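Work through the exercises below with the sequence and the model at hand. Each task is followed by its solution.

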Amino acid sequence: MPNASSWSASSPLLLLWEDSSGTRIFLSLLYAVLAISGTLSNVMVIYLVFSFKKLQTTSNAFIVNGCAADLSVCALWMPQEAVLGLLPPNSSSLRSAEYRLLRGGLLGLGLTVSLASHLLVAFNRYVLITKLPSVYQALYQRKHTGCMIGLSWALALLPVPLLPGLWTLGSAQADGSSRYSALLLALAVLGQTALLLHCYLGIVRRVRGSAKRVSVLNFHLLHQLPFPAAPPPPRRAQRRLSSVSVLLLCCVFLLGTQPLVWVSLLGFFLRPAPPALQAASWLLLCSLSALNPLLYTWRSEEFRRAARSVLP
């Protein structure tokens with residue numbers, strides 16, 4: 001049976017550091033489910049936005065950008081993990097440094113652009129709800145939107161070489177570069193989370209204190225709606241529903257990102273967390289790639305109407 005350090009050096013990123021066929025089969029099945037559901041949901045959102053002109057808004061452009069990034073995780077990376085989890089620990093596929101680099105690059109690129117898209121969506125909605133319409137129109141011209149999307153992919157290419165260093169995060173022989181890679185990852189996610197929470201909490205304050213903009217319940221661009229809106233509920237109920245929607249989105253995002261942040265900080269400043277905790281924190285972060293399409297569209301009447309017209 002391989003020890004912890006040899007297993008961590010040759011295993012898929014999220015497999016536990018133990019030679020247990022039952023655990024590996026369970027995680028492989030979990031990856032397969034996340035890969036199928038995440039791929040279908042991301043492809044569906046992209047298809048709906050490109051097929052229905054009503055959905056082609058600036059906010060949805062950033063959502064589509066996140067879905068494209070999530071596809072690199074759900075459609076390209078997770079299926080490989082599902083297959084590799086069924087291979088024996090001494091398989092040559094697991095020991096190939098080039099192959100590990102490719103898988104790490106796919107994961108790093110997808111997660112980085114996905115997290116950047118979360119922030120772009122949050123900032124877009126923050127400007128829409130809290131600033132004057134003229135400010136929003138000046139900032140989110142088509143060329144500016146395209147530059148923001150392109151910049152998210154360009155910046156994502158910078159930290160990709162650092163991600164393979166996290167493969168040895170749970171190893172007793174992990175070198176300093178992997179520890180600093182983990183610290184950089186944790187600080188980047190913390191900074192992104194702080195900006196995202198600032199935007200959404202600013203939206204909550206604005207919606208709760210403004211009767212004029214309180215109808216923005218589902219984060220739509222209501223001025224672009226081509227059909228009459230449903231009769232609004234009482235103003236107090238609207239404010240409460242709007243705040244709950246924002247806070248629910250923030251809670252799901254925090255649940256997916258913060259465990260990895262604190263596990264990484266713990267490993268840098270004190271000692272590495274138990275392997276099972278590391279695997280669970282990575283799994284929560286990667287599961288966001290399958291949940292993001294639902295997270296941003298489940299409250300949208302526009303997406304529901306478009307989906308009903310496509311699905312049997």
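**Exercise 1.** Is Y140 buried or exposed?

Solution. This is a predicted model, in which local features need pLDDT of at least 70, side-chain atom pairs count only at pLDDT 80 or more, and totals for chains, interfaces and linings use all residues. Residues are numbered from 1 along each chain as its sequence is written, and side-chain values use heavy atoms, with hydrogens and water left out. Buried means under 20% relative accessible area, exposed over 50%, and partly exposed in between (1.4 Å probe, protein chains only). Y140 has a relative accessible area of 7%, so Y140 is buried.

**Exercise 2.** Describe the ring pairs that link F62, Y136 and Y140 into a cluster.

Solution. Rings of Phe, Tyr and Trp (its six-membered ring) pair if their centres lie within 6.5 Å; planes under 30 degrees apart count as stacked, over 60 as edge-to-face and the rest as tilted. The structure holds 3 aromatic pairs. One of them, F62 with Y140, is edge-to-face, at 6.0 Å centre to centre and 70 degrees between the planes. This pair links distant parts of the chain, 78 residues apart: F62 is in helix 3, Y140 in the loop between helix 6 (133–139) and helix 7. Helices here are DSSP runs (H or I, at least four residues), numbered from the N terminus. Y136 and Y140 form a tilted pair, with 5.0 Å between centres and 35 degrees between planes. F62 is buried at 0% relative accessibility, and Y136 is buried at 7%.

**Exercise 3.** Which residues does T145 touch?

Solution. T145 lies in helix 7 (residues 142–156). Contact means heavy atoms within 4.5 Å. Leaving out residues up to four places away in sequence, T145 touches T58, A61, F62 and Y140. T145 is buried, at 8% relative accessible area.

Definitions and conventions. Helices (H or I, at least four residues) and strands (E, at least two) are DSSP runs, numbered from the N terminus.
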